[in-house]
Amino acid sequence: MYHSLLPIKQHLAAERFLLALPDLVATTPLCRRFKPASLFINIAPMTLSNQPHSFIADKFNLSARAARRWDNVIRQLLAQYEPDLYQAILNLAQAKPTEVFQQAKAFKSWLTGLLKTSVMPCDYCHSLNTIRIGHRLNFRCKTCRQTFNPLKKYQLNKLSHHERWLPFIDLLLQGETYKTIQQKLDINTNTAAKWQRYFFTLMEEQGFTLLVNYCRTKRRQRYRQTWLDINVNSPHIKAK
């Protein structure tokens with residue numbers, strides 16, 4: 001996961017840190033308060049790719065607060081034993097690599113082609129003698145008379161408003177919150193969360209791992225900034 005995000009010159013440091021981590025966990029007093037200790041080994045690759053705490057929490061059935069605590073301990077170890085690698089991880093949230101632009105463009109091009117296609121092999125008899133019907137990308141085969149939807153194989157047939165999918169992907173790239181997506185696309189926050197889950201899964205299945213990781217990183221950065229803005233402007237917090 002981290003190989004596609006970290007600079008090549010940091011790959012050796014990342015592997016060195018992961019190999020040393022079991023001994024670091026066993027000898028660091030702070031780590032002894034966390035059980036099971038083996039979870040450090042599982043979470044560390046996600047810390048190396050700067051994954052959001054919400055993703056770590058879902059992956060290991062933790063609360064967001066617990067995921068943040070585990071992640072923060074790993075980051076402290078990184079800062080102490082691999083400072084250059086730690087700085088590279090911090091830089092992931094600052095830059096937008098050219099590869100991300102390329103993957104975003106390729107994924108959107110693939111999705112556009114899928115939505116606009118007028119010829120699709122039959123899912124049942126594989127005949128090309130098919131015709132598109134309706135506005136939901138349904139096809140009817142003139143050979144076997146079956147109807148099918150090519151979106152079904154990607155589970156996109158479960159999502160509505162396909163004309164808003166590309167703008168939604170652009171908002172994912174910006175790391176926008178569900179509330180902002182709701183305002184800009186006129187979909188509710190539950191729908192925004194569902195779309196994000198489906199599209200992240202689809203991106204990973206299609207090999208756009210770098211794009212998914214970048215979107216998750218940007219979303220983490222955006223939520224953190226939103227939290228800071230709310231608390232800085234809160235009348236209950238006095239400036240020192």
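**Cysteines, a buried arginine and backbone angles**

Author: The count comes to 0 disulfides, a disulfide being a pair of cysteine sulfur atoms within 2.5 Å. This is a predicted model, where local features need pLDDT of at least 70, side-chain atom pairs count only at pLDDT 80 or more, and totals for chains, interfaces and linings use all residues. Residues are numbered from 1 along each chain as its sequence is written, and side-chain values use heavy atoms, with hydrogens and water left out.

Reader: Which cysteine sulfur is nearest to that of cysteine 122?

Author: In general, a disulfide is a covalent bond between the sulfur atoms of two cysteines. Here, cysteine 122 has the sulfur of cysteine 144 as its nearest, 3.6 Å away, and is in no disulfide. Cysteine 125 is in no disulfide either, with the sulfur of cysteine 141 nearest at 3.6 Å.

Reader: Is cysteine 122 buried or exposed?

Author: Buried means under 20% relative accessible area, exposed over 50%, and partly exposed in between (1.4 Å probe, protein chains only). Cysteine 122 is buried at 1%, while cysteine 125 is partly exposed at 32%.

Reader: What is arginine 75 in contact with, beyond its neighbours within four places in sequence?

Author: Contact means heavy atoms within 4.5 Å. With those neighbours left aside, arginine 75 is in contact with Thr47, Asn50, Tyr86, Ile89, Leu90 and Arg220. Arginine 75 counts as buried, at 11% relative accessibility.

Reader: Which peptide bond is cis?

Author: The one from lysine 35 to proline 36, with omega near -5°. As for phi, asparagine 61 has a positive value of about 55° although it is not a glycine, and asparagine 61 counts as exposed at 72% relative accessibility.
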